[in-house]
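Please keep the sequence and the coordinates in view while reading.

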2 protein chains.
Amino acid sequence: MNQTVTNKPFIAVLSGQRQAVPPIWMMRQAGRYLPEYREVRAKAGGFLDLCFSPELAAEVTLQPIRRFGFDAAIIFSDILVVPYALGRSVRFEVGEGPRLEPLDTPEKISALATEADFSKLEPVFEALRRVRGVLAPSTALIGFCGAPWTVATYMVAGQGTPDQAPARLLAYRHPEAFSKIIDALVGTSIAYLLKQLDAGADALQIFDTWAGVLSPREFARWSMEPTRRIVEGVRSARSDAKIIGFPRGAGALLPSYVAATGVDAVSIDWTAEPKLIREQVQSKVAVQGNLDPLALITGGAALDQAVDDVLASYAQGPHIFNLGHGILPETPIAHVEQMVARVRAYRG
Amino acid sequence: MNQTVTNKPFIAVLSGQRQAVPPIWMMRQAGRYLPEYREVRAKAGGFLDLCFSPELAAEVTLQPIRRFGFDAAIIFSDILVVPYALGRSVRFEVGEGPRLEPLDTPEKISALATEADFSKLEPVFEALRRVRGVLAPSTALIGFCGAPWTVATYMVAGQGTPDQAPARLLAYRHPEAFSKIIDALVGTSIAYLLKQLDAGADALQIFDTWAGVLSPREFARWSMEPTRRIVEGVRSARSDAKIIGFPRGAGALLPSYVAATGVDAVSIDWTAEPKLIREQVQSKVAVQGNLDPLALITGGAALDQAVDDVLASYAQGPHIFNLGHGILPETPIAHVEQMVARVRAYRG
């Protein structure tokens with residue numbers, strides 16, 4: 001881990017420099033638990049309209065920073081803008097999540113574009129520029145993409161699925177065809193992340209939400225290796241790029257993931273085993289996480305204890321405080337305030 | 001691991017004695033992928049009618065043994081017969097899974113019975129006696145129950161849930177009330193497992209299907225500690241009882257689970273990390289698992305490779321070949337035959 005001179009505590013941690021008070025942000029911090037978000041969301045039209053309005057996307061990105069003073073903002077967008085830029089149809093149905101045209105046979109896959117139309121994503125880059133323009137210098141701005149495996153699970157099934165069985169079966173039955181989806185996503189993701197850096201992102205996160213359903217062999221092939229290629233591709237153009245990987249549910253495979261991918265940090269979910277993480281992950285890279293979002297909904301003494309468990313487990317090393325997954329819409333704002341105050345009162 | 005004299009390879013492995021050819025069975029092996037099962041199921045009426053018909057439950061228990069010569073039969077039943085014996089209403093809706101009266105407030109929980117009516121479960125014991133009466137001496141018969149945590153997730157929510165949030169929130173908000181559910185399940189499960197041993201079961205399995213959603217602190221309190229109490233309770237009456245734990249998704253928490261609970265073996269899902277399992281789990285107890293059920297659906301070279309991966313990972317120690325979770329209804333029978341032949345051709 002190279003030591004970077006920075007005025008951003010969040011970036012310092014990604015460079016391996018532990019902070020006495022861990023920097024803090026929350027996955028999905030621009031979201032429905034905030035009344036000011038719901039107000040903007042209501043006037044934006046569809047979900048993708050919000051993602052592709054630079055003014056509104058910048059506004060909701062900044063809302064949680066204004067309210068809680070988080071150490072990092074994450075650009076408001078969605079992992080499925082990448083298949084959209086690859087020419088796939090992507091819609092968001094109210095209350096039902098994303099709907100895509102399923103890409104579930106080798107025949108359909110052979111027609112998949114490998115070059116993305118980045119003009120479609122220009123509003124995301126413009127939103128990044130706007131946010132970076134007004135963000136305090138000490139606050140980091142995070143760009144992101146979905147990991148190829150996770151994005152592919154939606155592209156294959158055409159929607160979210162409880163067990164990602166359609167993509168897993170396609171990968172078993174037609175690994176060459178499935179590789180074509182992955183390859184298109186690797187190339188597009190590299191270019192997309194670089195453009196986010198150009199537009200003002202200080203760091204990048206790769207979300208592999210469904211990494212935890214794969215056997216070790218499939219995890220190596222479909223999660224680790226494509227992520228490694230993205231990290232390598234981004235670094236070949238921007239050697240200083242700071243990259244966080246989030247292979248949710250990877251559990252005991254996390255040490256291999258760190259070694260194989262070259263990420264600067266891993267985000268961990270709330271089921272992680274602290275000793276393994278400290279000894280085999282945090283000894284190599286920074287760790288981000290991992291409060292149970294349901295403890296945040298609960299509040300009170302249960303929340304204090306869960307916050308303290310996270311700090312006791314990880315705050316003696318390079319650590320960014322975060323949730324183990326996205327904040328849930330029904331979370332009371334007072335509980336977020338309670339969590340932030342408790343983390344900031346920590347003196348490790 | 002005490003060395004037991006037995007003519008059952010399955011029991012020998014549970015006693016720590018590695019077999020050159022690993023014994024094999026499949027979770028949910030009496031199930032809808034078998035035409036002979038579907039035939040019995042159609043004439044049984046409801047799902048619980050099948051569970052509570054000694055003749056039909058014995059018949060479907062034996063079907064996969066006749067067809068594949070598995071080394072173990074598992075009594076056909078369901079983990080929700082325990083709340084049923086505790087007086088809860090339990091129904092199975094076609095295509096929708098179980099429906100119970102939700103037990104989701106401290107007030108409702110205070111009225112929960114702590115003594116089960118085991119006369120309701122007499123058909124299960126009778127089915128065990130019938131199966132044991134006709135099973136070859138070399139074939140083991142497995143009795144089972146759900147772990148208190150997993151059974152409680154259904155009792156609290158009244159149905160299956162994607163993330164077990166109702167039980168997790170109740171456990172955070174009202175740990176004392178939630179403990180009452182767990183305590184009732186611990187006591188009932190001990191008695192239920194002992195009665196299954198009395199009726200002819202050679203070994204027991206405790207299914208903790210939803211163990212993987214808990215943080216380390218909650219896992220210790222709601223999964224490991226109740227399981228430890230069950231193991232201790234069963235052993236206090238039957239010191240020779242062989243018990244397999246299956247905390248699905250426990251990942252890097254498995255070594256702690258083995259140390260805390262005292263089980264003779266753990267069943268592992270297909271996402272397990274082989275090195276951790278070998279060094280920290282199989283060095284202590286037998287390991288059962290862990291073929292990806294989707295590899296079994298796929299068949300062909302992908303299935304061969306997945307079978308070989310499991311054997312290469314675990315068959316050098318005490319190992320029972322199994323799936324990482326239950327067999328899926330759409331699995332071709334020919335693929336089960338392919339898997340069995342490949343495992344039995346193994347010479348480790």
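**Sheets, pairings and overall form**

In chain B of this predicted model, strand E5 (residues 203-208) and strand E6 (residues 243-247) run parallel and are joined by five bridges. Within this pairing, B:Ile206 stands opposite B:Gly245 of E6(B).

The pair belongs to a wider arrangement. Chain B holds an open sheet of seven strands with parallel pairing, in the order E1-E4-E5-E6-E7-E8-E9. Its edges are formed by strand E1 (72-74) and strand E9 (319-323) of chain B, each of which pairs on one side only. From one strand of this sheet to its neighbour, the average turn is 25°, with direction ignored. In general, the strands of a sheet pair through backbone hydrogen bonds, either parallel or antiparallel.

Attention may now pass to chain A. An open sheet of seven strands is found there, with parallel pairing and the order E1-E4-E5-E6-E7-E8-E9. Strand E1 (72-74) and strand E9 (319-323) of chain A are the edge strands, and each pairs on one side only.

E1(A) runs parallel to strand E4 (residues 140-146) of chain A, and three bridges join the two. Among the residues involved, A:Ala73 has A:Leu141 in E4(A) as its bridge partner.

What does the secondary structure of chain A come to as a whole? The count is 16 helices and nine strands. Taken along the principal axes, the C-alpha atoms of the chain fill a box of roughly 60 × 45 × 40 Å. Why does the radius of gyration of chain A agree with a compact globule? For 348 residues, such a globule would have a value near 20 Å, and chain A has 19 Å, so the two agree.

Of the 348 residues of chain A, 54% count as buried, a residue being buried if 20 or more other C-beta atoms lie within 10 Å of its own. Among chain A contacts between residues at least 6 apart in sequence, 73% join residues at least 24 apart.

Definitions and conventions:
Residues numbered from 1 in each chain as written. Chains lettered and ligands numbered in written order. Predicted model: local features only at pLDDT ≥ 70, side-chain atom pairs only at ≥ 80, totals over all residues. Pairing = 2+ DSSP bridges. Helix = DSSP H or I, 4+ residues; strand = E, 2+ residues; numbered from the N terminus. Axes fitted to C-alpha atoms, helices over the stretch in contact; angles between N-to-C directions. Rg over C-alpha atoms; globule rule 2.2 N^0.38 Å. Buried ≥ 20, exposed ≤ 12 C-beta atoms within 10 Å, placed from the backbone. Contact = placed C-beta atoms within 7 Å.
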